[in-house]
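These are my notes from a first look through a structure that was new to me. I went entry by entry, one topic at a time.

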Amino acid sequence: MTQNATQQLAGTEKWQNLDGHHLHPFTNPNDLKQHPARIIESANGVYLTDTEGNQYLDMMAGLWCVNMGYGQQDLIKAASAQIEQLPYYNVFFKTSHPPVAELSALLAEVTPAHMNHAFFTSSGSEANDTVLRMVWRYWDLMGKPGKRVVISRKNAYHGSTIAASSLGGMDEMHQQGGIIPDIVHVDQPDWFAKRCELGKDLDRAEFGRSVAKSIADKIEELGVDKVAAFIAEPIQGAGGVIVPPETYWPEVQKICDHYGILLVADEVICGFGRTGEWFGSDYFNIKPDLMPIAKGLSSGYLPIGGVMVSDRIADVLINKGGEFNHGYTYSGHPVCAAVAVANIKLMQRENIVQKVREETAPYLQKRFRELGEHPLVGEVRGVGMFGALELVEDKQAYRKFDKNRHVGIICRDYCFENNLVMRAVGDAMIISPPLVTQKADIDVFIERAWKSLEQTQKKIA
Ligand code: PMP
């Protein structure tokens, strides 16, 4: 071992020992004891570097957030200038500051035309807590306080606070702490899972319509005077990049309109260019009443989220409402807001959404589908800079692997060995790369992913 390598290893061990005091989110602590964390030390563009000098192609954009890639000088300079100018001030009690004012106006410009007001939070979870309070407040102000129930979907992810995890549909989360009242879950439009459950093919369009209808059925069952809103991610992210059939969203919009319930599109992942449109709502042509945002808003450089509010709702909250007793110390934090402004301006200047739609995403999706030729891959799906590979035991019979074989985890670990970050959700291998990923990076990705699939196949044979 060279002296440099010995020093690197000592550095890694030092950080891993100190990290022993860190309770990690969504991590099995016993696994971590046996295999301490990789220590990521720096990043540039679409590559991460760990303390041993290994470079990884980050096909997850951190945690679905580093949309403009690492090392963007505009964002770095915006943070540093703002921290000198005004590191903190609040936006309560009739005060504001330039970055939050500018960000609010910029968001009104890039979000759908009927959304012109923003409420700020520090995260997507807080955004969804805010959604719940706004929905309830709206119906109170409309003189219908009985409308309390929010319909969500199984396997949805809306965050980790108690309200956000209740809105989410993750059983493993509900099992630890339960869920708050007035939230119910209907089926997700997961065509692949349904085919596996049935062990045969299924008409996609028909399936989309029937899953949407389960929302109407739920409203009828509960009574429309009890139902306040429906919340969903335009494309489910953490649930496994579940792209709904084309028939799903038009039907959902019709149902929400018909019953007069609010539509909440959780854009925390789908927003800011991920689908090749500014928002998932633009991609599916839906008209939400509320839109939680976070992640790509600042490309993850600093924590900031928020809720975009439609004119219809804002009118009630502002003109009927009086004071809304809600807010966070860090709502619209000036440094985070300045970075978000710099990020959106950079996106506009680089025409990144159009570039994704017309160049990068078509190339990524075309090459990604080549992985479908691998015997382990039962389905390849994706839209924009977003995708999933379903690893299956038998693709003709739509037969999944036994969960306990952890095939997704095996594949993910090979990806890491091959200097590639892909995430496993069960046996779905998912990607959500930075929007600035280049065609050459995509070629590297496909080569490393194929190799990882080959190694996985050999290992489980
Ligand atoms: N909504 C969606 C759709 C998400 O994917 C996430 C995070 N993955 C959240 C909300 C929660 O965001 P945060 O982790 O910033 O609280």
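**Entry 1: salt bridges.** I began with the rule: a salt bridge is a side-chain nitrogen of Lys or Arg within 4 Å of a carboxyl oxygen of Asp or Glu. I kept in mind that this is a predicted model. I looked up E379 under that rule, and E379 forms a salt bridge with R381. Their closest N and O atoms are 2.7 Å apart. I then checked cover, and both E379 and R381 are buried.

**Entry 2: R349 and D74.** I looked up a second pair next. R349 forms a salt bridge with D74, and the closest N and O atoms are 2.5 Å apart. I placed R349 in helix α14, residues 334–349, and D74 in helix α4, so the pair ties together parts that are 275 residues apart in sequence. Is R349 buried or exposed? R349 counts as exposed, because its relative accessibility is 54% and the cut-off for exposed is over 50%. D74 has 30% relative accessibility, so I logged D74 as partly exposed.

**Entry 3: R312 and D289.** This pair is also a salt bridge, with the closest N and O atoms 2.7 Å apart. The two residues link distant parts of the chain, 23 residues apart. I found R312 in helix α13. D289 sits in the loop between α12 (280–284) and β9 (290–293). Why does D289 count as buried? Its relative accessibility is 6%, and buried means under 20%. R312 is at 45%, so R312 counts as partly exposed.

**Entry 4: helix α13 again, now with α6.** I wanted to see how these two helices pack. Helix α6 spans residues 124–141 and helix α13 spans residues 311–319. Their axes are 10 Å apart, at an angle of about 65 degrees. I therefore wrote them down as roughly perpendicular to each other. The crossing of α6 past α13 is left-handed.

**Entry 5: α16 and α17.** I repeated the check on another helix pair. Helix α16 covers residues 407–417, and helix α17 covers residues 439–460. They pack at about 130 degrees, with their axes 9 Å apart. That angle makes α16 oblique to α17. Here α16 passes α17 in a right-handed crossing.

**Entry 6: a surface patch.** I turned to the surface. Which residues form a nonpolar patch there? I found Y88, Y89 and Y330. Together they have about 310 Å² of accessible area. Y88 has a relative accessible area of 31%, so I logged Y88 as partly exposed. Patch residues need over 30%.

**Entry 7: K194.** K194 is found in helix α9, residues 191–198. Its relative accessibility is 28%, so K194 counts as partly exposed. How many residues separate K194 from F207 in sequence? I counted 13, and the two are 8.9 Å apart in space, C-alpha to C-alpha.

Technical notes: Residues are numbered from 1 along each chain as its sequence is written. This is a predicted model: local features need pLDDT of at least 70, side-chain atom pairs count only at pLDDT 80 or more; totals for chains, interfaces and linings use all residues. Side-chain values use heavy atoms; hydrogens and water are left out. Patches are made of residues with over 30% relative accessible area and no salt bridge: like charges are joined within 9 Å, nonpolar side chains (Val, Leu, Ile, Met, Phe, Trp, Tyr) within 5 Å. Accessible areas come from the Shrake-Rupley method with a 1.4 Å probe; for residues, only the protein chains shown count as cover. Buried means under 20% relative accessible area, exposed over 50%, partly exposed in between (1.4 Å probe, protein chains only). Axes are lines fitted to C-alpha atoms, for helices over the stretch in contact, and angles run from 0 to 180 degrees between N-to-C directions. Helices (H or I, at least four residues) and strands (E, at least two) are DSSP runs, numbered from the N terminus. Angles under 35 degrees count as roughly parallel, over 145 as roughly antiparallel, 65 to 115 as roughly perpendicular and the rest as oblique. A crossing is left-handed if the near helix is turned anticlockwise from the far one by less than a right angle, and right-handed if clockwise.
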